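I opened this entry to record what I looked up, step by step. The notes follow the order of the look-ups.

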Amino acid sequence: MGNNQRPEQMKRITTKELALAFIEEQVAQVRAQVGDKKVLLALSGGVDSSVVAALLLRAIGKQLVCVHVNHGLMRKGESEQVIEVFGKELDANLVYVDATDRFLDLLAGVSDPERKRKIIGAEFIKVFDEEAAKLHGISFLAQGTIYPDILESIKAKESGKPVKSHHNVGGLPEDMEMELVEPVKFLYKDEVRVVGEALGLPHAMVYRQPFPGPGLGVRCLGAITRDRLHALREADAILREEFDKAGLAGKVWQYFVAIPDIKSVGVRNGARYDAWPAIIRAVNTTDAMSATIEEIPYALLHRITERITSEVEGINRVLYDLTPKPVGTIEWE
Ligand code: XMP
């Protein structure tokens with residue numbers, strides 16, 4: 001990985017001009033590092049890996065092989081967007097792997113959050129390894145490491161006490177013998193976004209709210225079932241759509257739905273309707289270490305409740321989580 005200290009003279013990338021200069025410099029650097037060899041990238045569709053993909057496409061085109069693993073825990077439309085933007089519009093060498101069944105079969109009956117995370121992380125590496133083994137002549141592994149990742153891992157090593165095992169899905173398989181390509185490793189998140197826009201990536205992709213590596217897996221609380229996961233994905237899509245329409249997308253740090261494994265009695269079409277509650281959470285923070293609650297206008301909450309309870313099968317109540325961090329963490333698991 002080489003040097004892990006952001007060069008002191010490096011300017012903050014705050015404008016398109018600075019981003020274009022950075023891109024030009026990185027394109028040259030990547031070409032010099034890689035030559036005519038092939039580079040592999042796990043493309044989740046998150047901001048960091050998307051920006052790295054777009055940057056490497058500019059530098060080395062078809063020498064880049066992107067692998068998108070759909071673990072079945074993505075939000076509605078996310079894998080489709082990766083295929084649309086990278087596979088079609090940018091004409092990247094994209095391998096799409098639908099591993100939904102593998103992940104959900106392994107997770108069946110597992111309710112402990114940390115075990116769920118470990119299973120998802122380990123299986124991700126397994127699937128990615130298997131795909132890498134099918135490809136030939138790959139010499140480099142690209143990663144969307146950013147500067148806070150480096151700083152955090154130094155801190156975690158020093159303290160030895162992370163609250164949750166936040167290993168990102170897509171973490172490096174440690175025994176892979178490939179040289180790393182990490183073109184954004186000295187950038188902060190806001191800089192990565194400026195670079196992403198300068199590269200022409202869609203605004204919604206570049207300003208996407210943070211999404212945990214284990215995805216909806218830690219929001220489908222307790223043991224994941226396909227029907228509850230489906231309800232969660234649909235409810236979450238409604239929440240995002242309504243936040244978007246209300247102009248809140250990009251203004252609120254993180255907003256999502258979690259669904260616990262409990263049912264309550266309700267009534268629908270004159271008959272008893274036992275179903276799950278959808279829990280809405282919308283928080284603001286600068287560093288995710290502490291968070292405050294977004295004051296969602298009541299009319300918006302009302303509309304979201306109406307839509308989720310009438311459009312999503314299996315949900316009969318909507319609850320709004322008013323707990324700041326601390327004492328609640330941002331995610332429920
Ligand atoms: P918590 O729940 O610890 O979350 O307050 C802080 C931030 O981290 C995200 N998060 C994760 N990200 N893998 C990730 O990549 C994980 O396992 C994970 N768990 C939580 C969370 O969404 C929030 O932005």
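I began with the contacts of serine 49: leaving out residues up to four places away in sequence, serine 49 touches Leu41, Ala42, Leu43 and Ser44. I note here that the model is a predicted one.

Next I looked up where serine 49 sits, and the assignment puts serine 49 in helix α2. Is serine 49 buried or exposed? The relative accessible area of serine 49 is 8%, so serine 49 is buried, the cut-off being under 20%.

I then turned to the strands. Strand β1, residues 38–42, pairs with β2 in the parallel sense, and I found four bridges between them. From β1 the chain crosses through helix α2 (residues 47–60) to β2, a β-α-β crossover that is right-handed.

Which strand pairs with β2 over six bridges? I found strand β3, residues 93–98, and the sense is parallel. Valine 67 has valine 95 in β3 as its bridge partner.

Last, I checked the cover of β2. Strand β2 runs over residues 64–70, and seven of its seven residues are buried. In a regular strand, side chains alternate between the two faces of the sheet, so I listed each face separately. On one side I have Leu64, Cys66, His68 and Asn70, on the other Val65, Val67 and Val69, and all are buried. I logged both faces of β2 as covered.

Note on methods: Residues are numbered from 1 along each chain as its sequence is written. This is a predicted model: local features need pLDDT of at least 70, side-chain atom pairs count only at pLDDT 80 or more; totals for chains, interfaces and linings use all residues. Side-chain values use heavy atoms; hydrogens and water are left out. Buried means under 20% relative accessible area, exposed over 50%, partly exposed in between (1.4 Å probe, protein chains only). Helices (H or I, at least four residues) and strands (E, at least two) are DSSP runs, numbered from the N terminus. Two strands pair if DSSP finds at least two bridges between them. A crossover is right-handed if, with the strands pointing away from the viewer, the path from the first strand over the helix to the second runs clockwise. Contact means heavy atoms within 4.5 Å.
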